[in-house]
2 protein chains.
Amino acid sequence: MARKTGSHSEITGPRVRAAAERLFARHGFAAVSMRQIAAEVGVQAGALYLYTKDKQALLFDMMDAHMIALLDAWQDIDPGGRPMARLEALVRFHIQFHMERQEAVFIAYMELRNLTPENYVAITERRKAYEHVVEGILSDGNTVGDFAVEDAHLSAMAVIAMLTGVNTWYREGGRLSLERVEEIYWDMVRKSLVG
Amino acid sequence: MARKTGSHSEITGPRVRAAAERLFARHGFAAVSMRQIAAEVGVQAGALYLYTKDKQALLFDMMDAHMIALLDAWQDIDPGGRPMARLEALVRFHIQFHMERQEAVFIAYMELRNLTPENYVAITERRKAYEHVVEGILSDGNTVGDFAVEDAHLSAMAVIAMLTGVNTWYREGGRLSLERVEEIYWDMVRKSLVG
DNA sequence: GTCTATAGTATGATAGAC
DNA sequence: GTCTATCATACTATAGAC
């Protein structure tokens, strides 16, 4: 019992980050005030600075955590083996991971321009690392004959844009289950990459 | 010579809209002040209200004009005839149109959440009209045997996301000409939609 | 048509009481 | 750890001079 009564650092910290993520996703980083975030958490504006250096750090930390989570999760799931099998796993993983974190994904795409130059570089590096994963699978697939793409980088960008686009239109409880969506997207992706 | 000396309404109005578009695209609607727009144009902040009702109207008007331009331009270009030919025309048109108006496209996607509820509905209706164009071509293509898609709406959304994604990575003077990019994207789109 | 001045309010961040 | 109070600054929009 070394901790003081009334110390909620481990509870309030995550709540601040969650509130900021929700509000940034809904209204945009620039449109949200520290007072709004504080109100959502149930503390005063000044108290937020116990959990974050400033508003910029709040944004950067959540974007960086998101990108790291994306890269780590793929590392864990990557089945290895044939490029065709790896890409199918990636398509399903990408759709699931992005649908489960709609708010973080939204922020990661929309708020790049609100990062300081150094923070922008850091996040862009992480994004490139993910794009490189996809590009690598397509290149390998070209080599072993699983795919026949003219330009692995272009095709990687096309595939990523297509998959992330699910977030903009899919709504739970609609006509199609997410599993069905994964199925059809994988079918489209596969066909688009073979001779 | 009915106009007063010093009257520049027809000149300043468009300059205000152009400056706003440039600044909103670069920094985001919420992050841009009326003072910044005025400075860019070379007038005082108060003078902007001669050319727009308020900041919201500035945003809505540019988004609405963009969506109308998109729909009108396709109407003019649509070759009719077989769905396969129409879709190829649309793929090339979409890439070209969106690449030529990067700032307007960026705003149309990013600033939806900064529209008032009524304005949001209006823009969303225009967007749906465009999506309906693509979906219609795919449905017709299913009927006449040009395409074999399981769900025309899903495939329309997938195609649109893929094509608009070009804006996020293509840079003029890079490895590939835009014509080459159109070629490869059309190849991917076509293959993804046939048996 | 554009200016200056200003009303009224909100902002990010900090200092110091408890 | 959280509060209140506050600094210094910025904001949108309007009024009224020219």
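I will go through the interface of chain A and chain B and then turn to two aromatic pairs. This is a predicted model, in which local features need pLDDT of at least 70 and side-chain atom pairs count only at pLDDT 80 or more, while totals for chains, interfaces and linings use all residues. Residues are numbered from 1 along each chain as its sequence is written, chains are lettered from A in the order in which they are written, and side-chain values use heavy atoms, with hydrogens and water left out.

Let me begin with the interface. Counting contact as heavy atoms within 4.5 Å, 38 residues of chain A touch 38 residues of chain B. The two chains bury about 3,000 Å² between them, 61% of it on carbon and sulfur atoms, where buried area is the accessible area (1.4 Å probe) lost on being put together, summed over both parts. A:Arg113, A:Leu154 and A:Met188 supply 24% of the area that chain A buries against chain B, more than any other three residues.

There are six salt bridges between the chains, each a side-chain nitrogen of Lys or Arg within 4 Å of a carboxyl oxygen of Asp or Glu. In one of them, A:Arg113 meets B:Glu111 at 3.0 Å, N to O.

Now to the rings, which pair if their centres lie within 6.5 Å, with planes under 30 degrees apart counted as stacked, over 60 as edge-to-face and the rest as tilted. The count is ten aromatic pairs over all chains. Among them, A:Phe24 and A:Phe29 are edge-to-face, at 5.1 Å and 75°, and so are B:Trp169 and B:Tyr170, at 5.9 Å and 80°.

Conventions: Rings of Phe, Tyr and Trp (its six-membered ring) pair if their centres lie within 6.5 Å; planes under 30 degrees apart count as stacked, over 60 as edge-to-face and the rest as tilted.
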